[in-house]
Amino acid sequence: GFKVAIIGRPNVGKSTLFNRLVGKKLALVDDTPGVTRDRRVHAAKLYDLHFDVIDTAGFEDAAASTLPGRMRQQTEIAIREADLIFFTVDAKSGLMPDDRTFADVVRKSGKPVVLVANKAEARGAQGGMLEAWELGLGEPIPVSAEHGQGMPDLRDAVVEALGEERVFGEDDEEESGEIAASEVLIGEDIADPDAEAPYDDTKPLRIAVVGRPNAGKSTLINALIGEERLLTGPEAGITRDSISVDWDWRGRRIKLFDTAGMRRKSKVQEKLEKLSVQDGLRAIRFAEIVIIVLDATIPFEKQDLQIADLIIREGRAPVIAFNKWDLIDNPQELLSELREKTERLLPQVRGIQAVPVSAETGRGLDKLMESVIKTHKVWNSRVSTGKLNRWLEGILAHHPPPAVAGRRLKIKYVTQAKTRPPGFVVSCSRPDAMPQSYVRYLTNSLREAFDMPGVPIRMALRTSD
Ligand code: GDP
């Protein structure tokens, strides 16, 4: 878990926010004079986020008789203990000199900050919202602690500020044990080493090229990057663990990983070369996007589907290249036939990009790369909690979950917990009772509503406690 300190000058609404997060009237109830109650810690919840809040509300009353210095000292202690600061301002009244003083302390601490613009529902709060930018603490998140508005955005801001790894990471043993018991994972786990990274098109995009022998992988790679580059590859017999080539396409940096096709092959080597699942798996794990090269004259053998399945289970995004398109004499017909077949055989990546190419002539390669980049963006995409729950409202109105054993299943909210690939948490009444078909319906609807074709989508069901 992580600790949040709610910081701000008196009267901005810190206690109200505290109460909303902790869910009880603790800050008021425990108000016993003389007791050291400056920095108590309480368990708080914001949708799927579980954390502790350091209660700093109230100490300012005690401090009134003493000095602003004491207040400041207490604040500093809270900041030191916290992993994240909710710096709270009053959007209705606008900034006061004290806001700037406190903001300085927070900024100097170097701690991650979410700037909370409270009382945003009030008339005239717009001016205060704009002013809040001046604090240099990032984008103000408009909320109404009193009325519970803006909480979805606050939730997303927390994930943004701390990163997914920190928020959902498994440094909390108890928590992960609890999840295992109360949650049904659809598909594999959603783990990804750089899951917290936002979409960054300056980092090299890692692509693996896979396919059966003779599908045209080497030819395709050569056509993409040019023959010369390949000749510098390792000699035969040298370990092939991480054979890669750096390249760029229209200014986008790319790292190409090869399973087998990247070296010039001797006849002997060619014979030895079977597409072992092991080899493929290694390249797939390194990659973000995997190009599956199919020989359009003999598409979709069992092996192709096995490898596609592997890619999807690993949470990578596949893009299909129907190669040797120059040999096809009924291209229109075949393409619609193949695309239809693809959708049918790979329903887990509905809308997958499938591009006819000729590695030999170079036709279709630009289109292929455009598809790769488009898919990569989708794979990295994130949907705000606010949007997700507006979508959910529509779903619940028009196609709610069924009743099981006479009791209607309830869904409370949906959040996105991961990217790369997109992973969602559905908080519901009885995860084990939720039919797979309904989860599929949710997944497809979500894919459509938020335009996420061609990538695996993870759904985790969790009990809403
Ligand atoms: P790999 O085993 O997947 O790396 O396949 P190769 O790149 O070695 O290609 C296998 C054979 O298919 C070679 O004879 C290539 O010349 C041929 N080939 C590859 N791509 C194309 C293509 O787009 N059109 C045609 N007509 N032949 C191709």
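Modeller: A residue is buried if 20 or more other C-beta atoms, placed from the backbone, lie within 10 Å of its own, exposed if 12 or fewer do, and partly exposed in between. The model here is predicted: local features need pLDDT of at least 70 and side-chain atom pairs count only at pLDDT 80 or more, while totals for chains, interfaces and linings use all residues. Residues are numbered from 1 along each chain as its sequence is written.

Colleague: Does Y47 count as buried or exposed, and why?

Modeller: Y47 counts as buried because it has 22 C-beta neighbours inside 10 Å. Y47 sits in the loop between β2 (40-46) and β3 (49-55). Helices (H or I, at least four residues) and strands (E, at least two) are DSSP runs, numbered from the N terminus.

Colleague: What is the phi of Y47?

Modeller: Most residues other than glycine have a negative phi, and most peptide bonds are trans. Y47 is not a glycine, yet its phi is positive, near 55°. F300, also not a glycine, has a positive phi of about 50°. F300 lies in the loop between β11 (289-295) and α14, and it is partly exposed because 16 other C-beta atoms lie within 10 Å. As for peptide bonds, a cis one joins R420 and P421, with omega about 0°. P421 belongs to the loop between β16 (411-418) and β17 (423-428).

Colleague: How many residues of helix α1 are buried?

Modeller: In α1 (residues 14-22), 7 of the 9 residues are buried, so the helix is mostly covered. These are K14, S15, T16, L17, F18, N19 and L21. After α1 comes G23, with a positive phi near 85°. Over the protein chain, buried residues make up 39% of the 465 residues.

Colleague: Which residues touch the most other members of the largest nonpolar core?

Modeller: In soluble globular proteins, nonpolar side chains tend to be buried together. A nonpolar core is a set of buried Ala, Val, Leu, Ile, Met, Phe, Trp, Tyr and Cys residues joined through C-beta atoms within 7 Å. The largest one has 108 residues, and I207 and A321 touch the most other members. Leaving out residues up to four places away in sequence, I207 touches I254, L256, F257, A287, I289, I291 and V372. A contact needs C-beta atoms, placed from the backbone, within 7 Å.

Colleague: At what angle do the axes of α7 and α17 cross?

Modeller: Axes are lines fitted to C-alpha atoms, for helices over the stretch in contact, with angles from 0 to 180 degrees between N-to-C directions. The axes of α7 (residues 151-162) and α17 (residues 385-398) cross at roughly 135° and come within 7 Å. That makes α7 oblique to α17, since angles under 35 degrees count as roughly parallel, over 145 as roughly antiparallel, 65 to 115 as roughly perpendicular and the rest as oblique. P152, D153, R155 and D156 of α7 make the contact with T385, G386 and N389 of α17. By class, this contact has 1 nonpolar, 3 polar and 3 charged residues. Ala, Val, Leu, Ile, Met, Phe, Trp, Tyr, Cys and Pro count as nonpolar, Asp, Glu, Lys and Arg as charged, and the others, Gly among them, as polar.

Key. Contact = placed C-beta atoms within 7 Å.
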